[in-house]
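Please open the model in a viewer and keep the selection tool at hand.

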Amino acid sequence: MQRRRFLQGSAGLASSVALGACVSSSQSSSGKLHTGLTVQMPPLKRIEARPDRIITMNVCTRPFRAQGPRIELEKAGAKSIVHNYGHGGSGWSLSWGTAVLAESLVAEAMNKEVAVIGCGAIGLTTAIQCQRAGYKVKIYAKERPPYVRSSFATGIWSPDSRIVDLAHADSFAQKWEMMARISFRRYQTLLGLTGTPVEWTTIFRASDTPFSETGHYEAKGEPAYPTFERDLIGDITPRSWDIPAHMNPFPVRYVRRYPLLMFNISEYSRVLMSEFIQNGGEIVTRELTSPSDFANFDENTLVNCTGYGARALLGDDSITPVRGQTCKLIPQPEVKYGIQYFNKHVSVYPRRDGLLVQAGGDHDFGNPAANIDPEESLSAVARLADFIAAMKTV
Ligand SMILES: Cc1cc2nc3c(=O)[nH]c(=O)nc-3n(C[C@H](O)[C@H](O)[C@H](O)COP(=O)(O)OP(=O)(O)OC[C@H]3O[C@@H](n4cnc5c(N)ncnc54)[C@H](O)[C@@H]3O)c2cc1C
């Protein structure tokens, strides 16, 4: 029965960008929801989408595995190695849940001292989770924030973004749901903090065609993905609603508004690093070049959170690189909404550390190239500028 539901999932970009990710309220043309609530458009401050406002461009590689992330215990001589890598486009979103699963495997190893290898979204949360469970934890990593791949992610709740392909959805569904629910709950405890590491924002998803007919964005060469967020955790995902034509300031016919959980990655990484250090943790710079390096650690329990790095370190070809380029525009604190316009391969998010503009396209899946292509971001900003220039009420 589960399988039948997943088979309705979208091909193309992960379902977090599929329209089914949010539950839509039924609504009359007046903008009045049938629940009795009236839809109102908030005032929209103009996004200054100009090339001269670009302050940084970055490339990140999603570590996608068709079968889902590798979360398992391996014994190698005296060492217990807990693997926790391969979280595709969902690493930030699922981090706390996967940390809980990894920590349960650490418990099986029965050593009080733990080495976490990797200091990205997965390594930091796994390390903190282990500390909270009473372990003495050291992080060993080649890089640390703000220079890990996780630092260059979009920073939104996207728990089923390229996390598993449709063919493997059934066997992974239960684990995914557990991770998503744990993470979502944990993120709500990070709201309202100084520096706003995590917040809820508003996103407008714009489409040239009716949402019910297309439902998703398709990229060439990608497998089909399940729509886990819609199918398994619709009860915790806030509602979206369609903007009626007379209230729609955007230059496309179909616009859906929904609340989005957003991670301000600069501040959030700092919060994670600080908590880890305050709990007595230590971060050591160390690069591993082969699996035999695991034997050189003092600790007998190691947690491998090397993300895309695991492909080279372990020779694990099950990890497929999925490239993603973003740029940031000078922060505009007055802008309190984002836009996703997947027909034109562009989206913008109102992060505190800069308006984050994401490009995207057919060349990303299977692409390990880590070089920045300035033209890609310049063209994304130009498409965004055109969209904003054509808006009615900003
Ligand atoms: C463009 C883009 C946007 C994204 N947006 C989102 C989003 O909005 N929400 C979301 O949930 N996810 C998003 N993701 C996915 C998310 O970024 C990844 O799933 C996540 O970064 C994986 O984290 P990680 O800790 O496993 O890997 P990393 O961040 O790569 O960390 C790996 C760590 O291991 C270390 N390491 C690696 N190899 C070695 C070695 N040989 N020796 C020693 N240390 C090593 C590295 O130095 C680093 O410290 C996005 C990805 C991309 C590309």
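**The largest core**

Begin by selecting Trp92, Ile139, Trp176, Tyr187, Phe263 and Tyr268: among the 50 residues of the largest nonpolar core, these touch the most other members. A nonpolar core here is a set of buried Ala, Val, Leu, Ile, Met, Phe, Trp, Tyr and Cys residues joined through side-chain atoms within 4.5 Å, where buried means under 20% relative accessible area (1.4 Å probe, protein chains only). The model is predicted: local features need pLDDT of at least 70, side-chain atom pairs count only at pLDDT 80 or more, and totals for chains, interfaces and linings use all residues. Residues are numbered from 1 along each chain as its sequence is written, and side-chain values use heavy atoms, with hydrogens and water left out.

Next, select helix 4 (169–188), which gives the most to this core, with eight residues; helices are DSSP runs of H or I of at least four residues, and strands are runs of E of at least two, numbered from the N terminus.

Then centre on Tyr268. Not counting residues up to four places away in sequence, Tyr268 touches Trp92, Trp96, Thr125, Tyr187, Leu190, Pro197, Val198 and Phe263 (contact: heavy atoms within 4.5 Å).

Now display the open sheet of eight strands, ordered 1-11-14-13-12-6-8-7 with mixed pairing; two strands pair if DSSP finds at least two bridges between them. Strand 1 (54–65) and strand 7 (241–242) are at the edges with a single partner strand each, so one side of each has no neighbour in the sheet.

Finally, select strand 6 (residues 198–207), which pairs with strand 8 in the antiparallel sense over 10 bridges. Thr202 has Pro259 in strand 8 as its bridge partner.
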